[in-house]
Amino acid sequence: MVAVQVWLGLGSNLGDRRGHLTGALTALAAVPGVQVLRVSSFHESELLGEGPPQGPFLNGVAELRTTLGPQALLGVLQALEAQAGRVRPAPRNHPRPLDLDLLTYGDLRCDTRELVLPHPRWHERPFVTGPLRELGVALEALPQRPGVAVVGDPQAFAAQCTEWLAGGCVVGLVPTMGALHDGHRSLMEIAARECDRVAATIFVNPLQFGPNEDFAAYPRTLERDLEVCRAAGVHAVFTPTPEQMYEPGFCSQVQVGAEAQGMEGALRPDHFRGVATVVARLFALARPQRAYFGEKDAQQVAVVRRMTRDLGFPVQIVPCPIVREADGLARSSRNVYLSAEDRAAATVLVRALRSARQQFLRGACDRDALLQRVRAVVATEPRAQLDYVELRREGDLAELPPGPVDGGRLLIAAKFAGGLRPVRLLDNLSLRPGPDEA
Ligand code: AMP
């Protein structure tokens with residue numbers, strides 16, 4: 001086999017740091033098929049990122065030549081880390097006696113759960129770039145991973161996800177329509193914590209807009225959105241055009257049932273059929289193990305859950321808590337279209353829901369009395385035109401009969417028409433507050 005040039009990052013911040021680094025290099029040089037060509041001097045650096053209190057690292061880089069394949073070399077490095085006393089799995093950013101990172105392996109690109117080449121962040125790490133420069137390496141000449149992959153072509157997106165799945169990764173999907181805000185960001189951050197790879201989608205889906213709705217006027221802010229995705233730890237963003245998403249002749253849609261009836265389903269007749277269709281199409285392309293949706297659109301979560309179960313997609317639907325502004329207004333891409341007066345008035349929705357919940361927590365449990373409480377608070381704000389308020393069962397949002405309830409979710413929608421165009425806002429609240437709800 002042809003020998004390949006490899007750059008290795010070395011680090012230690014536990015025990016005899018210099019001893020661990022030099023011991024590993026000596027052991028490496030003795031491995032058949034591995035030559036250690038050059039080693040930088042070692043430098044101290046503090047932990048980058050968050051972690052428990054710990055001493056500084058001693059870091060350096062080494063140039064190797066090897067006839068071992070990348071997996072075999074990784075196996076050798078992990079064995080040396082274990083010999084030095086490193087325990088796996090360990091919590092992120094905990095102190096460690098030895099860290100041996102494959103930075104580059106020739107020009108090879110690979111993206112599996114175990115191994116990403118080139119190392120995704122080598123060029124951002126001064127404790128790597130400094131020692132490389134010291135050895136006279138032209139950093140621009142070394143292979144770098146491109147940042148977030150931005151893909152418009154459905155087949156290219158599917159191929160990217162297939163590569164991850166084949167590499168043993170858990171893939172998380174975060175479908176959005178863009179104009180990203182902190183609510184979307186929280187979905188992506190939760191996905192990044194729970195999955196090996198996160199694919200976000202930005203697609204204003206024409207199928208879920210009615211003829212007189214705001215499809216054309218829906219805010220589109222792609223460049224800013226990509227920044228949000230990057231900062232949230234997303235690995236690929238799928239940004240198809242409607243023509244790419246739905247090829248000419250596309251005519252199959254997912255018919256939805258009980259969960260889509262009433263509330264949004266009553267006001268927007270084909271909305272959930274369009275939502276279920278695009279989500280099914282995304283599931284078929286990405287084949288994620290987990291998919292993240294905001295509880296802000298609680299009826300959408302119920303519809304998607306049902307569709308996923310009925311059609312048998314092997315994906316876990318993960319509902320994520322509503323992210324709110326400091327004054328309680330649920331974050332929404334449409335908030336930017338509220339006039340200043342409507343923006344101030346819009347907090348009436350969450351105030352009304354919280355007021356009814358407070359009554360419930362104090363012992364009031366009659367369904368209609370709780371709904372009446374919401375209506376009474378909304379009525380104090382003349383700028384709000386109430387579309388509906390309902391109290392539904394948690395989860396599937398089935399209707400609750402009149403009379404006493406022992407829980408449930410209040411859902412509300414209202415229009416604010418004082419700006420350039422009318423804006424419909426949705427909100428909802430569980431009668432029983434969760435641990436992360438104010
Ligand atoms: P959208 O771009 O409006 O289709 O939203 C994309 C995803 O983000 C959906 O799952 C929404 O429920 C979720 N989302 C929107 N706003 C919020 C919010 N304020 N908090 C949490 N999730 C949200």
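1. A polar contact is a pair of N or O atoms within 3.5 Å; within protein, one of the two must be able to donate a hydrogen and the other to accept it, and residues adjacent in sequence count only if both atoms are side-chain atoms. The model is a predicted one, in which local features need pLDDT of at least 70 and side-chain atom pairs count only at pLDDT 80 or more, while totals for chains, interfaces and linings use all residues. Residues are numbered from 1 along each chain as its sequence is written, and side-chain values use heavy atoms, with hydrogens and water left out.

2. The side chain of histidine 184 places an N or O atom 3.0 Å from an oxygen atom of the ligand. Of the 490 Å² of accessible area that the ligand has on its own, the protein covers 94% (Shrake-Rupley method with a 1.4 Å probe; for residues, only the protein chains shown count as cover).

3. The ligand is surrounded by 17 residues, the closest being Met177, Gly294, Asp297, Val323 and Arg331, where a residue is near a molecule or strand if one of its heavy atoms lies within 4 Å of it. This shell divides into 8 nonpolar, 6 polar and 3 charged residues (Ala, Val, Leu, Ile, Met, Phe, Trp, Tyr, Cys and Pro count as nonpolar, Asp, Glu, Lys and Arg as charged, and the others, Gly among them, as polar). Strand E9 (171-176), helix H5 (182-194) and strand E12 (290-294) each supply at least two of its residues, and H5 gives the most, with 3. Helices (H or I, at least four residues) and strands (E, at least two) are DSSP runs, numbered from the N terminus.

4. In the loop between helix H7 (242-245) and helix H8 (264-267) lies glutamate 259, which is buried at a relative accessible area of 12% (buried is under 20%, exposed over 50%, partly exposed in between, with a 1.4 Å probe and protein chains only). Leaving aside neighbours within four places in sequence, glutamate 259 is in contact (heavy atoms within 4.5 Å) with Gln299, Ala302, Val303, Arg306 and Asp396.

5. As for backbone geometry, methionine 263 has a positive phi of about 45° although it is not a glycine, and methionine 263 is buried, with a relative accessible area of 3%. The peptide bond from arginine 88 to proline 89 is cis, with omega near -5°.
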